[in-house]
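Reader: I'm new to this one, and I'd like to know where the labels come from. Could you show me the structure and then take my questions?

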Amino acid sequence: MPILLRHGTVRTRRVHKCHGCRRDIPIGERVEACACVTDGVACTLYTCAACTELFATLPADSFDMDEGVPQGWASAQNLADLHEIS
């Protein structure tokens with residue numbers, strides 16, 4: 001089970017991959033960052049603004065939080081639907 005160390009909004013200092021859509025997040029973009037420990041390994045997961053917005057629209061039980069949120073959970077169709085709605 002993942003252990004959350006910290007969560008917040010940060011500005012990137014280098015290129016990262018979005019945990020939701022796996023797209024590159026450019027330097028200087030504001031993103032959600034979660035630092036956690038899973039199976040004894042520390043990592044920080046970065047989520048772009050579009051995926052953060054999409055995640056906020058999902059029902060609370062969309063993911064088993066004991067297992068964590070799977071990498072690449074935001075499909076291109078989900079993101080396209082979100083932009084169509086907004």
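Reader: What makes Arg22 partly exposed?
Author: Its relative accessible area is 34%. Buried means under 20%, exposed means over 50%, and partly exposed is what lies in between, worked out with a 1.4 Å probe on protein chains only. Arg22 has 34%, so it counts as partly exposed. Keep in mind that this is a predicted model, where local features need pLDDT of at least 70, side-chain atom pairs count only at pLDDT 80 or more, and totals for chains, interfaces and linings use all residues. Residues are numbered from 1 along each chain as its sequence is written, and side-chain values use heavy atoms, with hydrogens and water left out.

Reader: And where is Arg22 in the chain?
Author: In the loop between strand 2 (16-17) and strand 3 (24-25). Its phi is near 70°, which is positive although Arg22 is not a glycine. Most residues other than glycine have a negative phi.

Reader: What makes something a strand or a helix here?
Author: Both are DSSP runs, numbered from the N terminus: helices are H or I with at least four residues, strands are E with at least two. The protein chain has two helices and five strands, and from the N terminus on they run β-β-β-β-β-α-α.

Reader: How do you know that strand 1 and strand 4 pair?
Author: Two strands pair if DSSP finds at least two bridges between them. Eight bridges join strand 1 to strand 4, antiparallel, so the pair qualifies. Among the bridge partners, Arg11 goes with Arg30 of strand 4, and Arg6 with Ala35 of strand 4. Strand 4 and strand 5 qualify too, being antiparallel over seven bridges; there, Cys34 stands opposite Leu45 in strand 5.

Reader: What sheet does that give, and which strands are at the edges?
Author: An open sheet of three strands in the order 1-4-5, with antiparallel pairing. Strand 1 and strand 5 are the edge strands, as each pairs on one side only.

Reader: Which residues of helix 1 are buried, and what puts them on the same side?
Author: In helix 1 (residues 49-57), Ala50, Cys51 and Leu54 are buried. They cover an arc of only 90° around the axis, which puts them on the same side of helix 1. That arc is the one of the directions from the helix axis to the C-beta atoms.

Reader: Which residues lie nearest the centre of the second largest pocket?
Author: Arg6, Val10, Ala33, Thr44 and Tyr46, out of a lining of 14 residues. Strand 1 (3-11), strand 4 (30-38) and strand 5 (41-47) each supply at least two lining residues, and the largest share, five residues, comes from strand 1.

Reader: What makes four of the lining residues charged?
Author: Asp, Glu, Lys and Arg count as charged, Ala, Val, Leu, Ile, Met, Phe, Trp, Tyr, Cys and Pro as nonpolar, and the others, Gly among them, as polar. Sorted that way, the lining divides into five nonpolar, five polar and four charged residues.

How values were computed:
On a 1 Å grid over the protein atoms alone, a cavity is a set of points where a 1.4 Å probe fits but cannot get out, and a pocket is an open set with protein on both sides within 12 Å along at least five of seven lines; lining residues have an atom within 4 Å of a point.
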